[in-house]
Amino acid sequence: MFKAMDKYRLPAQILLGAIGISFVGFGLVGFETPRNDQYIVQIGDQAITRRQVDEAVQMTAQAGGNGAARDTVFQTLVSRAYLLEGARSLGLTASDSQIKQMIVDNPEFHNADKKFDPALFQSYLANRHISEEQFMSEQRDNLTVLNMMAVLNNYPVSDAQVQTLLNTQAATRTLRSAGMNPAAFAQRVKTDDAALKKFYDANKKNYMLAQAVKFEYVVLSPKDLAEKQKVEESELKQALAQSESQSIPKRRLSHILISTEGKDKAQAKAEAEKIAAEAKANPDNFAELAKKHSQDEGTAAQGGDLGEVARNGLGEDSKAVEDAAFALAKGEVSGVLESKFGYHIVKVTDLSEEGNDDARRAAAEKSVKERKAQQAFAKMREELGELAFAHPNELKTAADKLGLNIQKREQWFARADANSAGVPAAVVEALFVGDVFDKKMNSEVISANGEAWVVRAVETRAETAQSFDTVKEQVKEDWVRSEAVRLAKEEAKKLLAQLQAGKTAEMVWSPVQTVEPAQLAQQLPPQAYRDLMSAIPRQGKSAYALIERAGVPEIVEVQSITAPKLSPDMSAMVRNVLMQAQGEARLQAYINSLNSTVKSRQGAEKLSDSE
C-alpha cells in the first residue's frame, strides 16, 4: 500500500542495520586517528579508511549473506561520521554507565545461566584484537549515533497527516480519460521549406553525423586460456583436498509448515503427522501436498521449495529441522519436526554437486585450470602490450605470435552503438581519442571484463553536420510530429479550461474505472502521476488533470476519491510508517546540512582499485 514511500527508507535502514550489527559482534570498526593522509576521506575528526570499508563489507556479508555493496557501505560510514560530528556539536554523547549496561545486557556475553560472563567478554576482545578501552570508544560512538537518530525521530504525526497519506497512497479513484492523439492534428501542420529550414537550424545538433570508426582488435581471455591448460594428477589431488577442507554441505530442500501461531499445539501436531504420513507414503506428491497444506506463504505456491540450503543456513530457531534434513537421503521425507514457527515436514529434493565425486573432481580440475590460466594470462598480457607497441601500425604480428584471432568491425561504429554491439566502455573510450583515432595506431592494452583488448582504427570519420537537403525528409517527419504534439496540447488546454469552468466539452471518454494509486504509479510517468494525484474532487464536483503519456496529452476526470476504512491497528501502522518516513527525511536533511558546516578532506586512499 505504501510502495511510493520506499525510496525514502533505504539510507536510514542501511545506517540502522550497520549500527545494529555492532551490538552483536559484527560492528563496523571505529573511526581511526588519521596518519598523514592514509584515508579515503576525513569528516571533521572522523577518518574513513579503506580497511574500514573492507572490514565493514566483510562483516555485513557474515551477517546477511552477500554483503552490501562497497559504495553503500562507504556512504553509510560517511553519513555516520557526519552524525557523530553533529551529535558532538550538540553535546550529545553516551555515558560510561550506558555503555557498561549495554555490555552486561548483550546475550553474546552471557553464560548458560543467562548471566554476564567477564571471560566471554574478554575472549570477544581477544578475538577482535582490541582493548576494552577501544571497545568502549567504539560503542560510545554507536550509542551516540543512536541517540542522535532518536532525537531526529521524536516528532508526532497528526490525524490530518495520516489522512493525507491515505488519500495519496491508498485511496481509490474513480475516473475516466480522453486522449488528444497528435496524429489527428498532423494535417494542420504546414511543411513549406521555410518552416522546415527554420526547424533544421534550431535543431541542427540532432542531424549531425556522429564521429565513427571502422576497427580491428584482438582479445586475450583467461577463459580461452583455461581450456588449453594441462592439469597434473598431483595438482588435482591438492585442489581436491583444499576443496574438501573448505566445502560447506548443501542440499535443496522443500518443506510443509503447519503454524502453531494462535492454535492449539496438539491439534497442529496431529494435523502435521497426518500430512507427514501421506508424504512418506507418496514422496513424489510432496509439492502438491505443500501447495495444499503448507502455511508458509513464501514457499507454499512453489511446492514448499526452500532452494539450496547450506549447513547452518537456517539459523538457530530451525536447527532441529536442519539437522534432520541433513540426515536424510535424496528424495526422503522426514517425520514431524518442531521449530519456533510450528511443525515442519521436510523433503530433500536434491543434493549439492559438491557431494558427487565426479562433480567434485570436475570442479577441482576447472579450478586448477582457471588458476593456471590467470598466471598465463598475466604473462601473455604483458607480451601483448610489448608487441602492440613494437608494431604500432598492425596487429598481425601480435596475433600470430600469441595465437589470437584478429576480429574486425567493418561497419561504421559510433559511441552510441556501444551497448547494442557489446563493446566495453573502456574500449570505446580508447577508440575515439589520441593516436588510435588520429593516426590509426594500436591502443595500449585495455582491461575490460577480465579480458585484455588491443584495438586499432582502420578508418575514421569526424563528426560532421549533414546538409539540410540530405536530411530534409527526416526534418519534415520530426517537424510534423513536433507541431502535431504542440497543437494537440493547445487543444487539450482549451478543453480543460472549459471543463474546469463547468462547461461541457466534446470528447471521446474512456469507460469509467476505479483504480488504486499503486496502479497509477506503475502506469504513468512521475510528473503525470503527481499531476493526477493533485486533482481532488470537492463538493461533489469532478476534478480534472492534464497529463502527458508517451507524448500524447490526456485529460483525466477524477469523479471521486474513496479512502479505505481502517481499523485502529491499521491506523497505528500507517502512523508509524509516516513517522519513519518523516524521521528518515529529517535524518537525510540533517546530514545534508552538516555537509556545509563540517569540514571534509580527501585522503590518498581510494575506495576501490578501479578509481
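This talk goes through some strands, one serine and a few helices of a predicted model.

First, the ground rules. Residues are numbered from 1 along each chain as its sequence is written, and side-chain values use heavy atoms, with hydrogens and water left out. Because this is a predicted model, local features need pLDDT of at least 70 and side-chain atom pairs count only at pLDDT 80 or more, while totals for chains, interfaces and linings use all residues.

Helices (H or I, at least four residues) and strands (E, at least two) are DSSP runs, numbered from the N terminus. Two strands pair if DSSP finds at least two bridges between them.

I start with strand S9, residues 342–351. Seven of its 10 residues are buried, so S9 is largely enclosed by the rest of the structure. Buried here means under 20% relative accessible area, exposed means over 50%, and partly exposed is in between, with a 1.4 Å probe and protein chains only.

What does S9 pair with? Strand S6, residues 250–259, pairs with S9 in the antiparallel sense over nine bridges. In that pairing, His255 stands opposite Val346 of S9. Strand S8, residues 337–339, also runs antiparallel to S9, and three bridges join them. Leu337 has His344 in S9 as its bridge partner. The hairpin from S8 to S9 goes through two residues.

Now a residue in S8, namely Ser339. Is Ser339 buried or exposed? Its relative accessibility is 9%, so Ser339 counts as buried. The side chain of Ser339 makes a polar contact with the side chain of His344, at 2.7 Å. A polar contact is a pair of N or O atoms within 3.5 Å; within protein, one must be able to donate a hydrogen and the other to accept it, and residues adjacent in sequence count only if both atoms are side-chain atoms. A polar atom of the Ser339 side chain also lies 3.1 Å from the backbone nitrogen of Phe341. Setting aside neighbours within four places in sequence, Ser339 is in contact (heavy atoms within 4.5 Å) with Asp317, Ser318, Val321 and His344.

Next, an open sheet. Four strands form it in the order S10-S5-S12-S11, with antiparallel pairing. At the edges are S10 (407–414) and S11 (446–448), each pairing on one side only. Strand S5, residues 212–220, is mostly covered, with eight of its nine residues buried. Five bridges join S5 to S10, and Tyr217 stands opposite Gln407 in S10. With S12, S5 pairs over nine bridges, and Val218 stands opposite Val454. S12, residues 451–461, pairs with S11 over three bridges; Ser447 has Ala452 in S12 as its bridge partner.

Last, the helices. H22, residues 568–595, has 28 residues and reaches 41 Å from its first C-alpha to its last, close to the 40 Å expected at 1.5 Å a residue. That expected span is 1.5 Å times one less than the number of residues. The buried residues of H22 include Val574, Leu587 and Leu594.

How do H5 (residues 118–128) and H6 (residues 132–153) pack? Their angle is about 90° and their axes are 10 Å apart. The axes are lines fitted to C-alpha atoms, for helices over the stretch in contact, and angles run from 0 to 180 degrees between N-to-C directions. H5 and H6 are therefore roughly perpendicular to each other: angles under 35 degrees count as roughly parallel, over 145 as roughly antiparallel, 65 to 115 as roughly perpendicular and the rest as oblique. On the H5 side, the contact residues include Phe121 and Leu125, and on the H6 side they include Phe135.
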